[in-house]
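Thanks for coming. I will go through one structure today, and I will define the terms as they come up. Please look at the sequence and the model first.

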Amino acid sequence: MLSLGIDIGGTKAHAVVLDDDNAVVAEDAIFTRRGLEGVRQVTLEVAQRVADKVGVGLRDFGAVGIGIPGVVDRDKGEIASAVNLRIERMPLRELLADQFSAPISVDNDVKATVVAAGMLLDSTSVTYINFGTGIAAATLDGTLVRGKDNAAGEIGHLVLNPNGDPCRCGQRGCLETVVGGAYLAPRMDMLGLDWTKLDAADTPTGWAAYDQAVRCISQIVGIVAVAYAPERIVLGGGVIGAAPWVIPAVKSFLIDRGHMVTFPPYAEIAERVTTLDHDNQAPAIGAALIGRV
Ligand SMILES: [Zn+2]
């Protein structure tokens, strides 16, 4: 049986086909289009591309899963709100149902990603923290931790510093305003800094930005480590992928902090922090896995 997984991101729609051994047998990505009709078309187009690669039709997939950022009503297969795609409510499953034979699962993209992380790391105790345009976490603890309204792990708008920068949510100093891509990228531009090489900065502005970022990401790791106590803490998303210095810097920050306090057990938490080798594939792989359930 072939399983189709599609991740619809703010920039790209990425599809994979998994065989029964969870190997990726086809993959493709195209640029996202916004709005209801745009998302429907892009989903079908990228699905058709991978179907062609494995020589089947859309109706031949045994399972279909779609991951999308935002609040998803999994039971109805509806997107309640996806700000980056300019969607308020979209009955995605209903709009696509006539194209596929298999039932379609629609889920939040970070929830899908942690399912893939669990498979790839061979662990059932994993938290995946996505540092993309926004910030969100999802946890696998034997089973996926969904919480009320499928909203467990939506940590991006927890306030880190009440005197910090204003956030589009109306508060100040949310985690996203410090290390979410939507705020980080323009701030780096404004300060004339290069996020990808911030560890090599040689100005006080650069040192301060480096310090702030490492501190914030470490704090986020600490929050999820204490809240969920997972065996593995996976950091991923574009903000992490673009900057190879982040993981070692965060680990060393946590280890240093571990010398000062006994709880939280920061040094031991540092050992649990990791990344995925194929982080960019993981959301689509996870969507395919969720489609089988
Ligand atoms: Zn906010």
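In which sense do strand β8 and strand β11 pair, and over how many bridges? Strand β8 (residues 125-131) and strand β11 (residues 232-236) pair in the parallel sense, over 5 bridges. Before going on, some ground rules. This is a predicted model: local features need pLDDT of at least 70, side-chain atom pairs count only at pLDDT 80 or more, and totals for chains, interfaces and linings use all residues. Residues are numbered from 1 along each chain as its sequence is written.

Now the terms I just used. Strands (E, at least two residues) and helices (H or I, at least four residues) are DSSP runs, numbered from the N terminus. Two strands pair if DSSP finds at least two bridges between them.

Back to β8 and β11. Asn130 stands opposite Gly236 in β11. There is an open sheet of 5 strands in the order β10-β9-β8-β11-β12, with mixed pairing. Its edge strands are β10 (143-144) and β12 (273-274), and each of them pairs on one side only.

Next, the whole chain. The protein chain has 10 helices and 12 strands. Its radius of gyration is 19 Å, close to the 19 Å that the globule rule gives for 293 residues, so the chain is as compact as a globular protein of that length. That radius is taken over C-alpha atoms, and the rule is 2.2 Å times the number of residues to the power 0.38. Along the principal axes, the C-alpha atoms fill a box of roughly 55 × 35 × 35 Å.

The chain is divided into domain 1 (3-115 + 280-292) and domain 2 (122-274); these bounds come from an automatic or database domain assignment. The C-alpha centres of domain 1 and domain 2 lie 27 Å apart. The contact between them takes 12 residues from domain 1 and 16 residues from domain 2. By contact I mean that the C-beta atoms of two residues, placed from the backbone, lie within 7 Å. On the side of domain 1 that touches domain 2, β5 (71-73) and α3 (109-121) are the elements that give two or more residues. Of these, α3 gives the most, with 5 residues.

β2 covers residues 12-18, and His14 is in it. Is His14 buried or exposed? His14 is buried, because 25 other C-beta atoms lie within 10 Å. The cut-offs are 20 or more such atoms for buried, 12 or fewer for exposed, and partly exposed in between, again with C-beta atoms placed from the backbone. In β2, 6 of the 7 residues are buried, so the strand is largely enclosed by the rest of the structure.

What does β2 pair with? Strand β1 (residues 3-8) is joined to β2 by 6 bridges, and the two run antiparallel. They form a hairpin with 3 residues between them, and Asp7 stands opposite His14. Strand β3 (residues 24-31) is also antiparallel to β2, with 7 bridges. Here Val16 stands opposite Glu27. β2 and β3 form a hairpin with 5 residues between them, and Asn22 in that turn has a positive phi of about 65°.

Last, the contacts of His14. Leaving aside neighbours within four places in sequence, His14 is in contact with Asp7, Gly9, Ala29, Pro283 and Ala284. That is where I will stop.
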